[in-house]
Amino acid sequence: MNYHQKTEHSYKSVRMNSGFLDWATQPSAFKSYPGFYPRKKLDNAKSLEGAILLAGKITFEKKYGNDEYFLRTWASAGALYPVEMYVQMRSVEGYIDGVYHFEPRSESLALLHELNRDGLERHAALDYDIKGALFLFASPYFRSSWKYKNRALRYCLLDTGHHYGALEIGAYANGLQSEAVFGFDKLSICEIMGFENKELATMLAFIGEKTEQKSKEISERLPFVSPTDYFEQNGFIEEAYRASVEQSCRESDRQKPSFDFDKISLLNAIQNRRSIRAFYAHSISKDEYERIVSVAGQSMDGLDIYAVINNVDGAQKGLYRGAELLKAGDFSQKAGYLCLEQALGSRSAVTLFVASAADSYQADVTRAGIYGHRVYIAAAMLGIGVSGIGAYYDGEVKEFLETDKHILYALAIGR
Ligand SMILES: Cc1cc2nc3c(=O)[nH]c(=O)nc-3n(C[C@H](O)[C@H](O)[C@H](O)COP(=O)(O)O)c2cc1C
């Protein structure tokens with residue numbers, strides 16, 4: 001995929017870019033509709049509402065001087081949170097049927113459009129309606145392109161995967177199951193949502209049932225407010241989105257993963273999950289490693305998972321593809337160098353690289369994000385730390401892995 005190649009980092013490209021950022025110009029990370037839209041406060045004790053909260057609520061607040069940062073249940077490149085979540089409720093007790101916007105700060109849903117035998121499904125070109133909650137993830141890409149420039153579309157898609165990953169595990173924690181939908185008419189959804197070019201529809205998902213009933217199209221665009229306080233267009237990203245928006249998606253996308261986590265510990269892991277900032281370089285066990293990758297790897301056909309094993313008790317050091325040892329040896333320094341010289345990559349117990357042919361680009365990058373989120377949660381359940389790594393020398397990673405496939409994501413796991 002052209003976009004991915006054109007946004008590769010190399011030793012030289014990273015040094016040619018000053019990387020200077022004026023934090024005072026950071027676009028807002030929260031979208032708010034005016035106060036007159038009716039809001040419904042989400043109640044943790046109700047299973048669907050609990051799942052929605054776990055998909056995106058704020059779990060940590062940091063203060064630097066006068067600036068406040070809010071970290072959420074999902075990991076996000078640079079904590080920029082370039083994904084908004086909308087929920088269409090149909091036949092859900094206590095709710096007016098309608099399309100709502102999720103607000104992390106007020107932990108509520110704002111009603112944007114009341115359904116009148118219409119629905120988003122027709123615009124998405126789905127051949128069924130959803131009785132229950134239909135989720136739309138959409139990316140205000142400028143939150144990320146402000147910092148990451150052209151490479152930002154990658155992070156918008158990976159972050160969508162993390163956000164959905166948080167919904168998936170939040171649903172499980174509440175005794176529900178979510179299903180992901182990657183193949184839908186994204187441009188038509190952008191149109192009816194009134195996104196202009198400021199948000200890009202990236203993914204649908206649902207918690208509920210498919211029904212034969214088919215609602216009508218929504219006749220008028222939904223109300224729209226800009227997701228950021230100001231906006232700078234990036235034509236390269238918009239073109240890359242459009243160029244890859246209609247690629248087909250794999251059938252296996254529809255398979256449902258299963259988890260067998262103890263729910264009390266899981267709630268604790270979701271609430272306390274954070275990206276690790278440094279490792280002591282202690283080992284993890286082979287059982288722990290295998291548990292993490294087997295939970296994460298469910299229905300991830302099309303993604304190749306490479307592992308640089310640095311410090312796993314009972315496993316030989318080296319580079320692996322899945323369980324197959326490709327090269328034996330200590331590649332910890334190499335892995336750190338490949339991750340843009342971040343010590344996270346060398347002091348980890350394992351550094352993973354996710355690769356794919358990217359013939360279904362948007363879905364593959366999003367699924368790499370879902371994979372990443374499952375790695376975070378499965379590791380957190382074992383008291384093991386993780387950091388997503390979106391910055392790596394693409395070309396040199398490919399050379400090291402001896403693959404022509406695109407490198408979509410990296411993850412460092414350890415203690
Ligand atoms: C797609 C993606 C890429 C990331 N890349 C890096 C990275 O290259 N280096 C790093 O230190 N952290 C990276 N992170 C971790 C984020 O900085 C972290 O998720 C964010 O600060 C929010 O904090 P939290 O995960 O503790 O909630 C990445 C996270 C994601 C989701």
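Strand E7 (residues 129-139) pairs with strand E9 over 11 bridges, in the antiparallel sense. The structure discussed here is a predicted model. Within E9, Ala-201 is the residue that Ala-138 stands opposite.

Strand E9 also pairs with strand E8 (residues 179-181); these two run antiparallel and are joined by three bridges. Here Val-181 stands opposite Leu-204 of E9. The two pairings of E9 are set out below.

| Strand paired with E9 | Sense | Bridges | Residues standing opposite |
|---|---|---|---|
| E7 (residues 129-139) | antiparallel | 11 bridges | Ala-138 and Ala-201 |

Strand E9 itself spans residues 200-211 and is mostly covered, with nine of its 12 residues buried.

A helix pair forms the second topic. Helix H6 (residues 152-173) packs against helix H13 (residues 361-381) at an angle of about 50°, and their axes lie 7 Å apart. Angles of 65 to 115 degrees count as roughly perpendicular and those under 35 degrees as roughly parallel; H6 and H13 are therefore oblique to each other. The crossing of H6 past H13 is right-handed.

On the H6 side, the contact includes Arg-154, Leu-157, Leu-158, Gly-161, His-162, Gly-165 and Glu-168. On the H13 side, the contributing residues include Tyr-361, Val-365, Ala-368, Gly-369, Gly-372, His-373 and Arg-374. Classified by residue type, the contact of H6 with H13 comprises 11 nonpolar, nine polar and three charged residues.

Note on methods
Residues numbered from 1 in each chain as written. Predicted model: local features only at pLDDT ≥ 70, side-chain atom pairs only at ≥ 80, totals over all residues. Heavy atoms only, no water. Axes fitted to C-alpha atoms, helices over the stretch in contact; angles between N-to-C directions. Helix = DSSP H or I, 4+ residues; strand = E, 2+ residues; numbered from the N terminus. Parallel < 35°, antiparallel > 145°, perpendicular 65-115°, else oblique. Left-handed = near helix turned anticlockwise from the far one by under 90°. Contact = heavy atoms within 4.5 Å. Nonpolar A, V, L, I, M, F, W, Y, C, P; charged D, E, K, R; others polar. Buried < 20%, exposed > 50% of the residue type's maximum accessible area, 1.4 Å probe, protein only. Pairing = 2+ DSSP bridges.
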